[in-house]
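User: I'd like to learn how to read a structure like this one, feature by feature. Could you walk me through it?

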Amino acid sequence: MATADTTLPAGAPHSADDVVADPRRRDYMQIGAVAFAGIGAGVIALPLINSMNPSADVLALSSTQVDLSAIQPGQSIKAEFRKQPLFVRNLTPAEIAAAGAVPADSLRDPQTLEERTKAGKTNWLVTLGVCTHLGCVPLGAGEGENKGPFGGYFCPCHGSAYDTAGRIRSGPAPLNLAVPEYEFTSDTAITVG
Amino acid sequence: MSFPWAKQYEPKHPTMQWLDSRLPLPRFVYNAVGAGYPVPRNLNYFWNFGVLAGVALVCQIVTGIVLAMHFSSDAATAFTSVEHIMRDVNGGWFLRYAHANGASMFFIVVYIHICRGLYYGSYKAPREMIWLLGVVIFLLMMATAFMGYVLPWGQMSFWGAQVITGFFSAIPVVGDSIRIWLLGGYAPDAATLNRFFSLHYLLPFVIAGAIILHIWALHIPGSNNPTGVDVKGPQDTVPFHPYYTAKDGFGLGIFLLVFAALIFFSPNLLGHPDNYIQANPLSTPAHIVPEWYFLPFYAILKSFTFDFILTAKLWGVLAMFGSILLLFFLPWLDSSPVRSSNYRPVYRWFLIVLLADVFLLGYVGGAEATARNVILGQIATTYYFLHFLVILPIVSAMERPRPLPNSITEAVLKGKGGTAPTKSAVEGNMVPAE
């Protein structure tokens, strides 16, 4: 399309009609204005969207101490970490052996028990008690609860079964029970988060 | 708007004349539900349910506004504030039961309204936009109902929020971040409850806006009717008022009887007892179920138990959303020129089978995930998608429809109300002239 730049001789007088007939300059102004307004709207939306992220008091709850001294082999407890259940389990030698007997490659989310625990503390399995399917709390941590077909945890809601290392073995959940960041502060205490 | 023979609004009183020339609101109402809107003369009672859905929304908004005056959207006090409404607020029990059961009534009439649209081909040209807006309204209703269910902060509320927001964690890579952003924390908590309350109050007004567009789009071609044959002239229509205001009024009476029976005699029939236990983030109920109106979709979600290419979790979520989003494409999946299933002998049966399939999904959605139920759910889910993506396009291309009546009036005067073919209808008239 011809533009004013090419059809008008240099220095020719510009009337109001010429400006309207000059699509390129007008388009430039319009695109620029719309883009500017769009960026402005985006920038204004940012604080609104950001306000919906976890607030400081929620983030401040991100660290929890757990005392392990009372947990006997074969027992587990439910603690609370970031408003979610935390399973701490003292595995028996038989449960450790059961977890080790499974070739990791055959699993949906391949991990060994060693990768999921601290060196020398293989008997302490610390996981979030949140089913990786849709976030229910699996059974198996409480006294007498159904540990499922693999002896670990079982989520009855949609039928996900975890083994003694908290690894997903059957059902719709895609991942092993998450292991949060934690440290042993002594032989009988951990700090999570 | 609508047909040329629609009556014009003529304000008699000087006040109304003054108003009409400045803000023609009475004219607008007259043209929407008054004598200004000519409607096919043969509508049956399935055409009541649009009005009933509107009434149900108004009930929800009115009871909801008053309930909000007594409710506390704080995680520490939400549960007790609902008990406060039940025990201490004057008539609070009535308001709460009316609101909770009103949601069920809203979904019942909307589901019948949707089935009406499916059966009589109301989604077909020229009414596609009405259908699309209807699906938008349905999605908004689902979001609103879900967030409202979370507010009492009982066990089912809390775990419903956990599971439904868990859908978003199925999105690859960014899913977990999106979920944390939606919840405002790592699990449903005070921030979640407060924002759900805010949105639960907002969305009904968005729904009301979408309904105005829905009705606006309806008034361009005018109402469909049980024959699916277009209106040919004034003899095929009657004014909305008084004919359908009276008919809708009768239907409304029946609706209110059922509604009152629920509220006064069995207010917890459709609820779940676990929601009378305060939310406990450390213990999941033995069996998480959504409200009845979400059960078929929940069954589709639960039916994916094996990974293939994508994870089972992502498949479940995609299929569940897909089962609703599929409805957007319905006007183009069905290529049959005949609207009403009364004249589509093959499609009619498949539609009845689909309805049975959805009921089966509803059963599976509410049942425990035993091996038998999982397989039932998988079969029913497969059939659901098969119906829309394979059966519907093939049937609409292959089927030989029954001859249509020449006009609505002819169908009515034959005394068949448009349900049976007429001998005088000729093959050439099978396709409605448009």
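User: How far apart do the C-alpha centres of domain 1 and domain 2 of chain A lie?

Analyst: Keep in mind that this is a predicted model. In it, the C-alpha centres of domain 1 of chain A and domain 2 of chain A are 51 Å apart. Domain 1 of chain A runs over residues 20-51, and domain 2 of chain A takes in 59-192.

User: What does UniProt list within chain A, at residues 93-191?

Analyst: The UniProt record, an unreviewed entry, gives "domain: Rieske" for residues 93-191 of chain A. That span is 25% strand and 12% helix, and its end C-alpha atoms lie 24 Å apart.

User: Now the sheets. In what order do β2, β3 and β4 of chain A sit?

Analyst: They make an open sheet of 3 strands, ordered β2-β3-β4 in chain A, with antiparallel pairing. β2 (76-81) and β4 (124-128) of chain A each have a single partner strand, so they stand at the edges and one side of each is left without a neighbour in the sheet. Neighbouring strands of this sheet are turned by 25° against each other on average, ignoring direction.

User: How many bridges join β3 to β4 in chain A?

Analyst: Strand β3 (residues 84-90) of chain A is joined to β4(A) by 5 bridges, and the two run antiparallel. To find one of the residue pairs, look at A:N90, whose bridge partner in β4(A) is A:W124.

User: On to chain B. What does UniProt list there?

Analyst: The record, again from an unreviewed entry, places "domain: Cytochrome b/b6 N-terminal region profile" at residues 15-227 of chain B. This stretch is 69% helix and 1% strand, with its end C-alpha atoms 43 Å apart. The feature "domain: Cytochrome b/b6 C-terminal region profile" is placed at residues 230-406 of chain B, also in an unreviewed entry. Residues 230-406 of chain B come out as 58% helix and 2% strand, and the end C-alpha atoms are 10 Å apart.

User: How do I look for empty space inside?

Analyst: The idea is to roll a probe the size of a water molecule over the atoms, which shows where empty space is left. Here, the structure holds 5 cavities of 30 Å³ or more. The largest cavity has about 140 Å³ of space.

User: Why does the largest cavity lie between domain 1 and domain 2 of chain B?

Analyst: Its lining takes residues from both domain 1 (40-285) and domain 2 (289-402) of chain B, so the cavity lies between them. There are 15 lining residues, and B:F146, B:Y149, B:G160, B:I164 and B:P290 lie nearest the centre. α6 (128-150) and α7 (155-166) of chain B each supply at least two of the lining residues. The most come from α7(B), with 6 residues. By class, the lining has 12 nonpolar, 2 polar and 1 charged residues.

User: And which residues line the second largest cavity?

Analyst: Among them are B:A299, B:K302, B:V364, B:E368 and B:N373. This cavity holds about 60 Å³ of space. α15(B) gives the most to its lining, with 3 residues. The lining divides into 5 nonpolar, 3 polar and 2 charged residues.

User: What should I look for in the backbone?

Analyst: Most residues other than glycine have a negative phi, and most peptide bonds are trans. In chain B, the peptide bond from B:A125 to B:P126 is cis, with omega near 0°. B:P126 sits in the loop between α5 (92-119) and α6 of chain B. The bond from B:H241 to B:P242 is cis too, with omega near 10°, and B:P242 is found in helix α10 (residues 240-265) of chain B. As for phi, B:W153 has a positive value near 60°. B:W153 is in the loop between α6 and α7 of chain B.

Key: Residues numbered from 1 in each chain as written. Chains lettered and ligands numbered in written order. Predicted model: local features only at pLDDT ≥ 70, side-chain atom pairs only at ≥ 80, totals over all residues. Heavy atoms only, no water. 1 Å grid on protein atoms, 1.4 Å probe; cavity = no way out; pocket = protein on both sides within 12 Å on 5 of 7 lines; lining within 4 Å. Points joined across faces, edges and corners; volume = space filled by probe spheres on them. Helix = DSSP H or I, 4+ residues; strand = E, 2+ residues; numbered from the N terminus. Nonpolar A, V, L, I, M, F, W, Y, C, P; charged D, E, K, R; others polar. Domains from an automatic or database assignment. UniProt positions renumbered as here; feature names shortened; annotations may be inferred. Pairing = 2+ DSSP bridges. Axes fitted to C-alpha atoms, helices over the stretch in contact; angles between N-to-C directions.
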